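Colleague: I'm new to reading structures like this one. Can we go through a few features together, starting with how two chains meet?

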2 protein chains.
Amino acid sequence: MTDALFLVPAVPESGRYRLDGAEGHHAADVVRLRAGETLLLGDGAGTVADCVVTAVARGVLDVEVTRYRRLPAREPRLVVAQALAKGDRGELAVQTMTEVGVDEIVPWQAARSVVRWQGDRGARSLARWRITAREAAKQSRRAFLPTVADPVGTAALAARLAGASAYVLHEDADTPLATAPVPSTGTVLLVVGPEGGVAPEELTAFETAGATPVRLGPEVLRTSTAGVAALAVLSAATGRWH
Amino acid sequence: MTDALFLVPAVPESGRYRLDGAEGHHAADVVRLRAGETLLLGDGAGTVADCVVTAVARGVLDVEVTRYRRLPAREPRLVVAQALAKGDRGELAVQTMTEVGVDEIVPWQAARSVVRWQGDRGARSLARWRITAREAAKQSRRAFLPTVADPVGTAALAARLAGASAYVLHEDADTPLATAPVPSTGTVLLVVGPEGGVAPEELTAFETAGATPVRLGPEVLRTSTAGVAALAVLSAATGRWH
């Protein structure tokens, strides 16, 4: 099994390091790592160190670095605008998209999103998406943490799509994502609608901004499944998973 | 939005049809379809009829067929052996894999599966997977219902892989699934291990049976995410999503 990953502000290049705080508590008291066992330290920005545990106390681990790596960011950068979804479907989408390598998630307040992120409740929902992304990134041992942007409305999202390599998942689209030309460098943006679908006026705004409507297969996918499936197709097509 | 799909034993080619029983209750009392609205009737074996509602009573809908279609089964047939997973992870895997079009799911009692399907509890778990697959197939408007096979151990699974186009997801594999040669006809079998991974002796058994170890990307995926991501790659690569 792959070693567990713990996030630190700066990864030591060599020598000893003391892991404490929330990550030390998690490693020592929850995962219960013991002297001689191995773990990964990462800064979430591409730097990772393999370490061996030299001593453990309650909430604190001492480790020794055995290998230090700076990994290049993968291309293309994959950004998903994920429509707000009800219940835990939004968090499930964030979790699974993080597992398959999304680089940035943009919460999108779509016309047909049943939930509205407003006031304190909206702030708490955004915080939960960010915690979910961080936890899923640790779970999948990602060298780069994905970011969860501030939520946007349709106009702001359309502005962001303009001039980019952008695709909108839409069940009536003629072009399959599997055969769409997708650049293997730069940034690729993907829009995933809410359970009720992308509204016609939203689709028009995105197409006007230059985005291409694409579909997956004939199945109707839940919003929490569409993003992860599309990211898998893109990761295979662009060479990120080669 | 796509019309809701209801499952019936035999789809009428034309004329009127009375939808009652559990599906009638769902259509009339839960989805609350009204006269003039449209729905789909399917037999789960490739036959689908577009219908318009002509009358509604409590638990019963009368519909008129407006279009009748027999769809061909898509190739290749995609079969996933899904390791039993704890909590609701198994059902989540069944749900998302059904959404992206899996044709058959084989529950696999892997060495490192934390749960054991034994006795009444095992029977209930299997029943839940079957209900989950049926509900997800309706949700995604699938013309063909996937089947959930009886659970198998490693020896029986290895026997089933022998002579087939079989792939085992394994994080240490050299071959990316994205570049592996996959046939576009016949049956493709994919093995998805439990949270603890495929055990070395299991990998040996599957390789001896002729299966190819493959990986997705560098990320470590949960068992409930690996199958849906791999199916998306396979659906794009084999042309099912063209």
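Modeller: The size of an interface is often given as the accessible area lost when the parts come together. Here the area buried between chain A and chain B is about 3100 Å² (accessible area, 1.4 Å probe, that two parts lose on being put together, summed over both). Carbon and sulfur atoms give 59% of that area. This is a predicted model: local features need pLDDT of at least 70, side-chain atom pairs count only at pLDDT 80 or more, and totals for chains, interfaces and linings use all residues. Side-chain values use heavy atoms, with hydrogens and water left out.

Colleague: How many residues does the contact take from chain A and from chain B?

Modeller: Contact means heavy atoms within 4.5 Å. Chain A gives 37 residues and chain B gives 37 residues.

Colleague: And what is the count of salt bridges between chain A and chain B?

Modeller: A salt bridge is a side-chain nitrogen of Lys or Arg within 4 Å of a carboxyl oxygen of Asp or Glu. The count between these chains is two. B:Arg74 and A:Glu219 meet in a salt bridge, at 2.8 Å from N to O.

Colleague: Is A:Gln82 buried or exposed?

Modeller: Buried means under 20% relative accessible area. A:Gln82 counts as buried because its relative accessibility is 0%. Leaving aside neighbours within four places in sequence, A:Gln82 is in contact with residues including A:Trp108, A:Trp129 and A:Thr223.

Colleague: Where does A:Gln82 lie?

Modeller: Strands (E, at least two residues) are DSSP runs, numbered from the N terminus. A:Gln82 is in strand β6 of chain A, residues 77-83.

How values were computed
Residues are numbered from 1 along each chain as its sequence is written. Chains are lettered from A and ligands numbered from 1 in the order in which they are written. Helices (H or I, at least four residues) and strands (E, at least two) are DSSP runs, numbered from the N terminus. Buried means under 20% relative accessible area, exposed over 50%, partly exposed in between (1.4 Å probe, protein chains only).
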